[in-house]
Amino acid sequence: MYTSRAAIRVVSHVKPTQQVRYKRDKTGLNPQLERIVSQLSVMSAGRKQPRLLKLCNEDYVKHKTVMKAWSHYRKAKIQENEKLLQKQYESMKEAVSELQNLSPELFEIANEHQYGKRFPLELRVPTEYPPRQIWFYDYFPKQEAK
Amino acid sequence: MTLVSVRSFSSSVSLGKAACAQVKPVHHKVRIIKKNLSPRFPELKYPSHDIKSPKFRPYLTHLDRVDHHYHNVLESDLLLIGYRHGQQPIYGNKRRHWDMSSPYQINRPLRKPKGQIVPSQTINPRDTGNIAKLQSISINCFVKDAKQYPAMAIGATLQLQQITGVKPKPIYAKTNVPNWKLRPGMKMGAKVELFGRDASQFLSTLTEIVLPRIGEFNGISNRAGDRYGNIAFGLTSDHIKYFPEIELNQDSWPNLYGFDITLHTTAQTDADARILLSGLGLPFVGSERIPKTLLDDLTVHPYEN
Amino acid sequence: MSSSVSRGIWSNFTNRSKSLAIKSAKLQKAVLSPDLPNGPVSLKALSSKRKYYSPIDLDKIYPLAYEILEKKSEKIYSKIEDLKKKGSENVEEINDLLVEAEINNPEVVYNSLYAANTIDLTQPVYRHYAKKQWESYNKMITMQRLETLSIIPDTLPTLEPEVDVHMKFPHNNVDTWVEPGSILSSNVTSKPPIFKITEFKESKNDLYTILIVNPDTPDVENNSYTTTLHWALKDVELSNNDSIIDIQKLDSNPQYSIVDYLPPTPEKNLGKQRFAVWIFRQDGKLNEETSKVENINNFQIREFVENNKLQAVGAHAWRSVWDLNVENVRKEYGLPAGRIFSRDSF
């Protein structure tokens with residue numbers, strides 16, 4: 001592997017890199033090789049493994065309790081969301097079928113497929129803090145040039 | 001002829017030895033996990049959600065903005081946009097059964113679908129169960145020059161890791177092209193697939209910082225996509241410098257490498273995926289082509305197979 | 001800060017068993033307080049106690065988590081009350097609910113993790129945890145050894161294990177359970193073993209049969225092997241809180257014994273002998289006639305099981321090999337002198 005400094009030597013960027021076993025000298029590595037070695041060391045697995053937390057038995061049980069409660073809470077939230085969507089779906093279905101009975105022409109228009117619809121680009125994923133300028137009062141969306 | 005195995009006291013070799021290798025039969029139904037029986041590596045026996053396991057990662061550490069936005073704003077709108085009263089499933093072209101006119105057809109794998117090799121997917125009516133969602137983002141960075149300068153593949157890997165915060169996997173050349181001096185097994189770059197929080201983080205960097213600053217970028221082509229809800233586009237090496245991780249430390253990046261980004265969604269069609277992605281802040285340009293089969297989804301199509 | 005986090009059902013022991021609490025008052029205080037008022041009690045060394053720090057903000061989040069889970073448990077307990085009021089006969093449903101109500105109780109979790117030997121198995125939740133523990137190790141190792149030593153199908157065709165079987169010998173006061181399939185010296189096995197049979201269902205005065213057989217007794221005339229019965233017990237009464245079969249129990253209940261213990265005395269040059277322990281659950285008391293064993297040297301275990309309608313629920317095994325102490329064991333039990341097998345005798 002590339003972990004050993006002595007195992008690699010790159011003469012220059014232009015020439016292909018070669019792996020030659022050579023004796024370590026005092027001048028050290030050339031800058032080209034130095035860069036590759038440092039690049040590889042950034043990606044090495046050793047840096048990714050955080051140290052294991054050691055908990056005493058009491059804190060371990062407490063931690064388990066917290067995780068369990070948290071998963072219960074999240075599960076309840078997901079179920080609530082699913083229920084809401086289901087409710088929305090049922091009412092949509094009911095509304096459209098009623099429209100079909102009342103006015104078939106309006107139903108035809110309402111039941112067109114919506115391919116090609118886009119959310120406006122101005123719709124932003126909300127941030128935790130508001131921007132410096134809260135609202136662009138003079139903003140008008142650009143007219144599409146045709 | 002049946003051979004009855006007799007275990008005799010004077011010899012240890014059982015009679016009626018089979019002429020071929022046999023798997024020893026098991027006389028019970030208990031599944032044995034060898035890892036649990038070995039006294040080595042006791043910490044690997046914990047499940048990955050246990051804090052004692054080395055695999056444990058505290059992944060729910062802060063609010064996922066994109067996910068939050070999806071659930072609070074987009075999800076119900078997408079349900080509404082996708083809904084069509086009386087929508088019918090559009091059946092895909094599936095593998096066919098043999099007509100069994102020949103005895104050789106017994107135990108054969110199913111026939112190829114009509115007119116194609118890979119079966120196509122069935123598109124079901126939209127309901128609460130199949131609202132489109134961003135599943136993952138995969139980034140593929142193939143460096144052409146890496147065949148000549150292998151160090152470039154390392155640089156590309158590091159660049160991906162810096163941008164995404166996830167360890168990339170190397171990609172290797174698969175084919176042998178003597179004219180290009182390309183051999184199978186040469187390291188040609190890196191790829192990474194982002195899920196959950198990593199994907200959200202990458203997407204918000206992309207839509208809020210990188211794409212707005214690319215002058216020539218007007219949007220993702222409306223023609224992009226693989227028909228089943230996965231949309232891909234590319235960034236060239238000139239665009240990479242807008243990523244804040246690269247921009248802040250430009251001196252240490254003498255060469256940058258462009259990459260392809262694929263947005264994997266659970267949408268059943270590309271058109272649905274584009275509606276979802278537009279809600280996540282990605283613009284689309286060009287004319288959109290909707291396949292005719294998708295448009296007449298109110299008529300009942302028979303399932304042919 | 002260090003007041004108890006429990007204000008609801010989990011600190012109320014009027015209808016709940018006291019065994020659901022942690023026995024040691026210090027430990028209980030540590031588990032039921034948001035922080036650790038007396039430091040980490042479970043750490044023994046003073047230096048590690050001093051070095052220890054709890055995770056940041058665990059003391060703030062833990063009471064909230066406890067409250068959520070306790071409220072859930074309260075709901076389940078009220079459901080159980082409703083079921084009982086309706087006069088529901090479904091014991092299994094109530095037991096499942098009792099497990100669900102207590103499974104996340106930190107005190108119960110603590111006991112089942114760190115005091116697994118002393119938990120009260122009459123409580124469904126502890127039985128649930130004990131079963132999990134058994135399935136993660138003991139069940140698998142027993143079945144693996146039975147299979148690799150060919151005890152199934154050499155003695156009985158198969159086993160669907162339901163109970164955890166622990167076995168040890170009263171030898172030298174060594175208080176460790178024998179791992180299934182280990183090779184024991186004749187000195188160790190000279191006295192009858194002690195069993196601990198753990199049931200994971202509710203069990204009150206269930207009856208058990210125990211057989212120890214050796215399927216490797218040489219039968220030179222027929223150039224084959226026979227099975228010897230080394231020990232047979234019947235109608236052994238066990239329940240969830242009384243699961244040990246030891247010498248005191250056998251002395252006070254001489255009616256348990258069908259065949260007295262015959263210690264393993266392997267012959268020289270015969271290799272390792274397998275000793276299979278089979279535990280059967282009985283429907284009722286065994287029939288005197290069918291449970292009689294006439295010839296222990298040619299014991300037909302499958303026939304015995306079939307005649308008495310026994311259901312195999314657990315097994316254990318060890319192996320013995322000839323050693324220098326075999327002669328002493330023979331003398332002690334008044335057995336005839338052993339034979340020596342060699343190549344010349346054939």
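Predicted model: local features only at pLDDT ≥ 70, side-chain atom pairs only at ≥ 80, totals over all residues.

Colleague: What makes β3(C) and β6(C) a pair of strands?

Modeller: Pairing takes at least two bridges. β3(C) and β6(C) have 2 bridges, in the antiparallel sense, so they count as paired.

Colleague: Why are β1 and β6 of chain C called edge strands?

Modeller: The open sheet has 3 strands, in the order β1-β3-β6, with antiparallel pairing. β1 (163–168) and β6 (244–245) each pair on one side only, and that is what the edge label says.

Colleague: What holds paired strands together in general?

Modeller: Backbone hydrogen bonds, and the pairing can be parallel or antiparallel.

Colleague: Now chain B. What makes a set of residues there a nonpolar core?

Modeller: The members have to be buried residues of the nonpolar kinds, joined through C-beta atoms within 7 Å. The largest such core has 50 residues, and those with the most contacts inside it include L78(B), C141(B), V143(B) and L276(B). Among the elements giving two or more residues are α2 (65–82), β1 (134–142) and α7 (270–279) of chain B. α3(B) gives the most, with 7 residues.

Colleague: Which residues is V143(B) in contact with, leaving aside neighbours within four places in sequence?

Modeller: M152(B), A153(B), A156(B), M188(B), G189(B) and Y257(B). The C-beta atoms of two residues must lie within 7 Å for a contact, so each of these six partners meets that limit.

Colleague: Where does F195(C) come in again?

Modeller: In another core, lying apart from the largest one: it has 34 residues, among them V165(C), F195(C), F280(C) and A312(C).

Colleague: How many residues of chain A and chain C are in contact?

Modeller: 14 residues of chain A are in contact with 23 of chain C. On the chain A side, the residues split into 5 nonpolar, 4 polar and 5 charged.

Key:
Residues numbered from 1 in each chain as written. Chains lettered and ligands numbered in written order. Helix = DSSP H or I, 4+ residues; strand = E, 2+ residues; numbered from the N terminus. Nonpolar A, V, L, I, M, F, W, Y, C, P; charged D, E, K, R; others polar. Buried ≥ 20, exposed ≤ 12 C-beta atoms within 10 Å, placed from the backbone.
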